[in-house]
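Here's a walk through some local features of this two-chain model. Have the structure open while you read.

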Amino acid sequence: MLSSYLFTRESGLTNPRELRSAQLLRQYSTLVISDKRYFPTRHSGIVNALAVDHVANRYMISGGSDSRISIWDLYSREGLRHRYEIVAGIPAKKGHKYGISGISWWPFDNGMFISGSFDETIKVWDTEALEEVYKFEIGTRVNAHDISPIAEHCLVACAADHPAIRLIDLRSSGAAQMLSSHEGMTVNAIKWSPTNPFMLASGGSDGTVRLWDIRRSDACLTVLNLENTIGKGVASINLDSSLRAESFSSSSTPAFGKVKSHRGVVNGLVWLDNGKKMVSTGTDEMIRVWDLTAPFTRDTNTLVNFGPLVRNRYLQCINLVLSPLRDCVPQLLFFPSDTGDILVFQVLTGQLIRRLAVSLNTRKRTCGLVCRGSEYVELFSGNSDGDIILWEAEHYAQMPHERNSAMNQPTKNILTEIYKGLELENY
Amino acid sequence: MSYAVSIHKPSSVRHAVCTDLIAPGVYSLVLARPASIDVYAIQSSSLSLQYSLPVNGTITSLLTFKPTVSSTSWLFVLTEDCIGFTLSYKDGHLVTEQVSTDLDERFLPDTDTEHIAIMDPQFRAILLHTYKSSLTYIPLVQAPTSNKKRVLKSPGAAGTNCFQVTGTLYPARRLPIEELIIISIIFLENVERPTIAVLYRDGQHARHVKVYEVNAMGNALEEVKGSGLRNVDQGASLLMPFPPSAGGFFLLGEQLLTYFPPTNSKDPKPKKIPFNGPINFCAWACIDESGKRFLLGDELGQIYILQVRLACDSDTQSVLDWKIENIGETSIPTTLTYLGSGFFFVTSHFSPSTLFYLSPEEPHVQTVQVIPNLAPITDFQLVDRENTIDIIACSGGFKSGSLRIIRSGIGVDALAEIAGIQGVTGLWTFDNDIVVASFVENTMVVKCDPESGIFEELPGWWHIVPNEPTIEMAQYGAKGVHINRSSVTTVDTTNGEIISRYQSQQISVAAVTAQAIIIANSLTELVVLSWDLTIISKLTLHDEISCITATEDLCVVGLWNEVRASLYSLPDLNRVSYTEDLSGGNVRSLKISTLDSIQEPILFLGMADGTLHSYHLSPSTAMDGELTEHKITLLGTQPVTLYSLKNSIFAVSSHPSMIFGHAKKITISSVNVQSPTALAMCKDTSIADDADSSNVLIFATDDMITYGVIDQLMSTHVQTLELKETARRLTIMTPAAGVIGLITLKTELDSYSGDEIINCFVKIVDSSLFEVVDSFALEENEMAESITSGFFDGTEYLVVGTGFAADREEYTKGRILVFEVTNEKRLSLVLQNELHGGIYALCEVKGNLVCAVNAIVRLCTISTNLVTGSLDFNLQCGFRSPVMAITLSTYENYVLVGDLMKSVALLQVRKVSSTDGVEYMFHEVARYYEPMWMTDVEILDEKTSIGTEAEGNIVVFQREEMTGMKNSSFIQKNDEDPLLEIISSMRVGEVVNRIRRITKQSTDISVADPVVTPQAYYATRDGAIYLYGQISSQHINNLINLQSNLSKIVKSAGELKISSYRAFSNQRRKLLEPVRFVDGDFIEQFLELSQLEKEQTVLGANGGINLNLTVGQVTGIVEDLKRLR
């Protein structure tokens, strides 16, 4: 309990990090819908995209299927009921014609953000003036886009209703590269590596998760194979090297063609922060954790079992969110299930920590999902009704009702008043 | 612009090694404090500090190893930032051999425990546990190449002695490990490949032991099957390797000692023998290399000896059985180190680190030498005294828990001690180390040899009558005078013959000047004698004379029944004037002295209640009685006795002080010695090495006479009240109440279940006697969390906040206890009120109580009920802190709330008039929005406040009417949303537990325009106290540039940069350098540089900035800063 943690911290019996870890785990595992802070206006449609800026963790952008974009100020006072305010926004149909599929902040400062839309465009916005800076015509519906959090190359990777991945360059404001090897009709999820600026992962309707090195001519490094399961190093070296040769030879080899990552459309991806593991989900209602330590061709599927609650049947890109790196060990995975719940798993063990139920009676699906920066323990989710919900840790004690507690000794007060009255009479 | 300097350096010692660092075969004890490495020479029966190396980093581990290429051992040091380096001792210095920077890993989460570093017994590798789910393996020998053939050719090559420990740290490898919560790791002895045993805890709080071998490539761990043990003792916390004679290892549990034999032995089954527990072992040391005897220390500070019986089986030995025996008591150990020949050293976090001797006779454990320690300081308060500030601190823990008065003052370093002389009431010294000591009934003349402490009596010297006490002695030129109760005797000092003698009745006090001898005869008669002992003048006063002092032309006399002193001209004894009526009872001691830098002589009057008055005398005072610049100072609580020193005055009240002149002002400073009963300046002594012997004192305390030299530098002096339980918080009541209130926590071990029983108490300590006068026990399971005192409804109360701990859950119930301290200094509970949560913090704001009840900060009023006369407790407004409000600070009507996790919020208490009368409400003035784990907060003034953060950082907040964020001004913010902005930040490197602002600006006595204005003190869990100050605007650039220039000149151990050491750093955010913060301890290193280096620093060599000052100017500034302490 906190008191003994505080005692051991101040006396030096334990490292202060012990209190921190225990407290953060407690908070993440008691997430509830905030009773104090709420978003007053709703999108008239599904809230697909949420993004919190990386610089101050202060501004959140929401984008919905109503094609509206709103910027919220997350600084809020506690104590009283707090309405989050929209500080700026782009009205419906002004910026994008159709719904927004994804929004990302420029990783290095919050003067710019990028939005992808079903109107077949990706747009770059100046946050200050709220003006469109660039517009990229993709030609098909944009399902997802991503910008590398570390790279200096300013490439936005775009997953659209097209088997090829488009890389668009913000510097030259033109399309830079096409990465083709996906065999299905669409690419549904895309994520840059958090550690390697040239590495990209994508998931498509062909049921594969592919890793790309954009510097290579045959950019596709590998296809993650769900059959390559973790077994303690038995493969002989000869077999190993042949496998490697096979997989890197060409993406069109038959061995490559059969490989599947999911037995369905891959529609969600997230890298673990060390860039050595990745989580994917697909319409086969599975979540898989992949070990990406080179070579990628063996021992990739770690067979973590996430249990029977995972529901994922829609093709749309799912926002998989991880808790910030140093907040919890192992990291937590927030999975918006089709039932409307957000499932909280320990990502490396698959253990279900908590089930965040959005509502009991109606089937509201959670679409947009974002975790505010490290140590905030605030999860924002946008659902199919257009609401944005803040999830925060349960409070240690609820605030008693102001008025009542101030008057909690009524008998004495009455006596005092009588006495006062008597005094007055004496005058 | 902020400045921080240590008043007391961190004194907790967590690591110690005994090694032949300096020369082959010569062992030294090396201690690692948080930011320094101290090398102690082991002498026959004591330790002496030989070398101290400051380290720009928080040291988390210290290891030693002996490379085959070197004749002496080296050290390996690991810092909090995961930088490891090796040190060797060369030419009187510790030299950095190699720095290993590849230990730091950005993407791995830090462990929740302290770092663990272990060394393979054959020095093949170092293993670190600094990250969760990973071990760092640093090979010290070249790993066998991956070439298969060579490995095949020499199987087990790594195990034989063909390796060379060159002292190189080879590139580190990460060894993934499944276990998340590792409690203890050791390397095993007598194994082929480096093998570790791991004690770990799983998610269900069960503890297990596993043994791993590092594989041949040195890049993975392979579990040694069949040698671990699942579900070991719940309280097991320590593994202990057995020496190579038998190998294997011990697991120390609470009730059970388990021996794990080596895997290759015949019977590898763990062997368990229970002992009479529960004992929570926390440290061990091996006494002899064969492994027959071990020292074990437990958390209560008991020391045990483990005797192992070995079975000799052909050429191998195996452990047969063992027994544990309690042999005595020590400090609470963090490590035990056996130094050989019966001596062992206990490093301690909670108690002083101590050298002990294992004696064959009772008592078996004998204290030999104590290295003082203040850690952990959990709370402190400041008490203003004239020119100095006392820090009263809760320090130490458990059985070493204590309350301490820490006072910085002038130091008197003891040069020599002469023991065995008791009851000295007066001391005089003369040439050739002759000391005259007066006792209540007699006088002794001795010739001392201070070097050896031997003294020899000189009967008949100056014809002093031995069976009478001496009142006064003096020597002017070749003439000496000796005054006792019945006579005044003058002697020729060249041959010691009596010149003349004046017989009298009842001399009580006397004063001697070069011209005259003034005595008080028959209690009331004032007589002035010439040196020929003829009466010059006489005056009978109306009361008994208590004290006299005189100059050439002026005599000042104090009477027992008067609250003033009278001035008489000399030699004719005309009364010139009186002083005004003085506060503090009658005059007990008088001295006239000239002080440095003050032209006029000054008259000091020491009063009966500890007050000191002073007047400036003018040359004409003897004529017109003019007294100017009256000053009053409270020195203590006992009558003041004054002694003249050269250009200064030594005053003794309840504790001693020095009065000297500095920058034309009278400066009073505490002296860090026990109150002497008599004191004299040494005239001429052989003891002082330097020619200037004017600083040498001789003084008598209860049972000895000490020669000491005055160290003009301020040092710290600590007075201790042992409580034998952990003091957690304290509050200081007004002088009228005269007590210190504190809450304590007492832990006991239930002898049956082994569970900890915790009892909390409220105690009051008499602030002048410094002893506990009353204690109030809290209920079972009730934890005392906070204490404050203040005037509520016109009466001073002591308020305690508690919480009820039930089944390890968070507090759902707590009490506020209001005590009145009676005139007899007893606690009387006048009010108690239950609240829905633990009360983590309390403070008083304008006569109202503010309490932090779990996450809610509430304002309460305490008022007297007009009908019943009892106290009423009313909850008023509340404010909800994001997670848990754990600390509060107030300033006028502001309240600063420190949250456990979501930083700080500044509130203002506002009065609202409503129909029901006056009501209060909290208005949130400003807030810092980013998460920060606060340990304490303090408001300095309306704009500025300081906060300290759990991972050892200090930040300065400033309130600003901000409009938007600086780096994103895209949004028009409304101006009603002010932010707290961090304007400076620095890493302290230790967890800061408490900050207290300095309310009275009393330290700026000397300089009109100080470089740094002290504003607050802060204290850490490692026992350090720091002074925080504000740098005056004109010196900001100089100091900042000096700091950066200096970092380019000063060589640091392990090439650690001061800028990265002092840069704010926690799990969320790491900065590159301190922000608008100057580290005073670092700046002071300037004074220790050579002239050339000083010049380079000032000119900004190695890419610094030219300061455009001379070396002298910079030295002056730094010396001024040094005086801040």
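This is a predicted model: local features need pLDDT of at least 70, side-chain atom pairs count only at pLDDT 80 or more; totals for chains, interfaces and linings use all residues.

Residues are numbered from 1 along each chain as its sequence is written, chains are lettered from A and ligands numbered from 1 in the order in which they are written, and side-chain values use heavy atoms, with hydrogens and water left out.

**Around S7(B)**

Strand S7 (residues 74-79) of chain B has six of its six residues buried, so the rest of the structure largely encloses it. Buried means under 20% relative accessible area, exposed means over 50%, and partly exposed is in between (1.4 Å probe, protein chains only). Trp74(B), Phe76(B) and Leu78(B) point one way from the strand, while Leu75(B), Val77(B) and Thr79(B) point the other way. Strands count as paired if DSSP finds at least two bridges between them. The pairings look like this:

| Strand paired with S7(B) | Bridges | Direction | One bridge pair |
|---|---|---|---|
| S6(B), residues 59-65 | six | antiparallel | Leu62(B) with Val77(B) |
| S8(B), residues 84-90 | four | antiparallel | Phe76(B) with Thr86(B) |

**A helix with a buried face**

Next up is helix H7 (residues 1111-1122) of chain B. Its 12 residues should span 16 Å at 1.5 Å a residue, and the end C-alpha atoms are 16 Å apart, which agrees. That expected span is 1.5 Å times one less than the number of residues. Val1111(B), Val1114(B), Thr1115(B), Ile1117(B), Val1118(B) and Leu1121(B) are the buried residues of H7(B). Seen down the axis, they fall within an arc of 160°, so they line one face of the helix; the arc is that of the directions from the helix axis to the C-beta atoms. Packing against them are elements of chain B including strand S82 (1012-1020) and helix H3 (1036-1049). Contact means heavy atoms within 4.5 Å.

**Nonpolar cores**

A nonpolar core is a set of buried Ala, Val, Leu, Ile, Met, Phe, Trp, Tyr and Cys residues joined through side-chain atoms within 4.5 Å. In the largest one, with 52 residues, Tyr28(A), Phe334(A), Leu379(A) and Leu900(B) touch the most other members. Leaving aside neighbours within four places in sequence, the contacts of Leu900(B) include Leu2(A), Leu6(A), Val883(B) and Trp933(B). A second, separate core has 40 residues, among them Tyr1017(B) and Val1098(B).

Is His43(A) buried or exposed? At 1% relative accessibility, His43(A) counts as buried. You'll find His43(A) in the loop between strands S2 (37-38) and S3 (47-52) of chain A, with a polar contact of 3.2 Å joining its side chain to that of Asp66(A). A polar contact is a pair of N or O atoms within 3.5 Å; within protein, one must be able to donate a hydrogen and the other to accept it, and residues adjacent in sequence count only if both atoms are side-chain atoms.

Tyr134(A) sits in strand S11 (residues 131-137) of chain A and is partly exposed at 25%. The side chain of Tyr134(A) reaches the backbone oxygen of Leu170(A) at 3.1 Å.

Thr812(B) is exposed, at 60% relative accessible area.

How values were computed. Helices (H or I, at least four residues) and strands (E, at least two) are DSSP runs, numbered from the N terminus.
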